[in-house]
Amino acid sequence: PEVNHTEFGTAMIRNFLYEVCGAKGQWTMGDYKDVAIRQIREKVGAGKVLLALSGGVDSAVAAALLQRAVGDRLTCIFVDHGLLRLNEGDEVERVMKGEFHVDVRRVNAQDLFLSKLAGVTEPERKRKIIGEEFIRVFEAEAKKIGKVDFLAQGTIYPDVVESGLGGESTVVKSHHNVGGLPDCVDFEEIIEPLRRLFKDEVRQLGLTLGLPESLVWRQPFPGPGLAIRSTGEITREKLDILRKADAIFREEMALAGLDRTANQYFAALTNMRSVGIMGDERTYDYAIALRSVQTQDFMTATWSRLPYELLDKVSGRIVGEVPHINRVLYDVTSKPPATVEWE
Ligand code: XMP
């Protein structure tokens with residue numbers, strides 16, 4: 001008889017898992033959470049844990065998980081480097097402190113980061129500066145807290161792969177939130193409780209932990225923030241422009257009901273200015289790029305086929321509401337060859 005290979009393969013895998021390995025097939029995210037909490041408790045003992053909150057989903061889920069595991073022995077340092085999205089710093093602080101009762105120490109280091117980034121245009125150099133400054137600010141704040149035994153990070157699986165697995169894969173770029181802590185940092189050990197999870201699993205875990213949907217369904221946001229969504233030199237003016245445009249795009253994606261269909265979307269400020277016309281006036285302003293991608297794992301991605309009506313509305317609102325933008329572009333490039341971010 002003709003063999004259905006798909007069914008045959010599935011039956012073999014089932015047989016291997018259930019008969020050979022003895023798996024029960026009843027695994028849920030609730031189980032994962034319980035196991036993760038137990039493992040963290042075993043590892044941490046009576047120790048104190050420090051976590052860097054970034055404003056993104058991953059570090060928030062890591063904070064919630066750690067809070068459940070070690071309660072008030074967790075302290076979060078939230079370094080506001082001024083590269084966050086519109087109102088993001090306040091929102092993160094409100095949810096984590098107010099709803100989750102996490103001890104959050106916010107450091108407003110916007111001016112410091114901007115001065116260090118002044119004049120820097122090379123993407124890897126920006127990442128290095130942000131990573132180094134981040135650690136310095138973090139370390140200074142950590143010293144105020146006193147002795148800490150563990151440093152926790154919200155690293156997820158794709159971050160680990162892209163930063164190089166044991167020297168076997170090429171380092172695509174330096175993730176400031178993976179690995180690279182200088183020797184002078186006085187922590188005994190690092191904990192990365194999300195290290196084996198993909199993004200969708202991190203979200204599931206967040207919901208299981210009781211985090212609000214508004215936070216769990218936040219757009220993934222990189223550690224170096226808007227610095228890797230703005231090409232060329234980073235200035236306060238450019239960041240303000242970008243923040244406003246990005247907020248409009250996100251708002252319209254949500255209104256169109258596409259905020260959970262697209263896996264990541266944001267605005268990026270190109271460093272390109274060109275001539276335009278506004279009323280009777282000639283303008284010479286920036287072009288903003290909209291980026292939206294479909295992806296399973298963020299290692300490869302295709303661009304989202306967004307409706308023209310939506311793009312039209314976003315474009316009209318951005319040029320109408322955000323000063324210094326006179327052109328809106330939609331990025332129709334997949335990864336590879338492009339990356340998701342614009343740096
Ligand atoms: P790229 O641009 O490499 O992005 O295609 C893939 C995914 O990784 C995120 N990303 C980062 N996340 N720290 C992070 O936490 C980083 O330094 C970083 N760089 C990129 C990016 O947002 C996308 O989801």
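Tutor: A residue counts as buried when its relative accessible area is under 20%. The model under discussion is predicted.

Student: What percentage of the residues of the protein chain count as buried?

Tutor: The cut-off for a buried residue is a relative accessible area under 20%. Applied to the 343 residues of the protein chain, this gives a buried share of 50%.

Student: Which radius of gyration does the protein chain have, and what would a compact globule have?

Tutor: The C-alpha trace spans about 75 × 70 × 40 Å along its principal axes. For 343 residues, a compact globule would have a radius of gyration near 20 Å. The protein chain agrees with this, its radius of gyration being 22 Å.

Student: How many helices and strands are there, and what percentage of the contacts with a separation of 6 or more comes from residues 24 or more positions apart?

Tutor: The protein chain contains 11 helices and 9 strands. Among its contacts with a separation of 6 or more, the share from residues 24 or more positions apart is 75%.

Student: Is histidine 81 buried or exposed?

Tutor: Histidine 81 sits in the loop between strand S2 (74-80) and helix H4 (88-99). It touches Gln110, Phe113, Ile130, Gly223, Pro224 and Gly225, leaving aside residues up to four places away in sequence. Because its relative accessible area is 3%, histidine 81 is classed as buried.

Student: Histidine 101 and histidine 324 have positive phi values. Which of the terms exposed and partly exposed applies to each?

Tutor: Histidine 101, with phi near 55 degrees, is found in the loop between H4 and strand S3 (103-108). Histidine 324, with phi near 75 degrees, is in the loop between helix H11 (308-321) and S9. The term exposed requires over 50%. Histidine 101 has a relative accessible area of 61% and is therefore exposed, whereas histidine 324, at 37%, is partly exposed.

Conventions. Residues numbered from 1 in each chain as written. Predicted model: local features only at pLDDT ≥ 70, side-chain atom pairs only at ≥ 80, totals over all residues. Heavy atoms only, no water. Helix = DSSP H or I, 4+ residues; strand = E, 2+ residues; numbered from the N terminus. Buried < 20%, exposed > 50% of the residue type's maximum accessible area, 1.4 Å probe, protein only. Contact = heavy atoms within 4.5 Å. Rg over C-alpha atoms; globule rule 2.2 N^0.38 Å.
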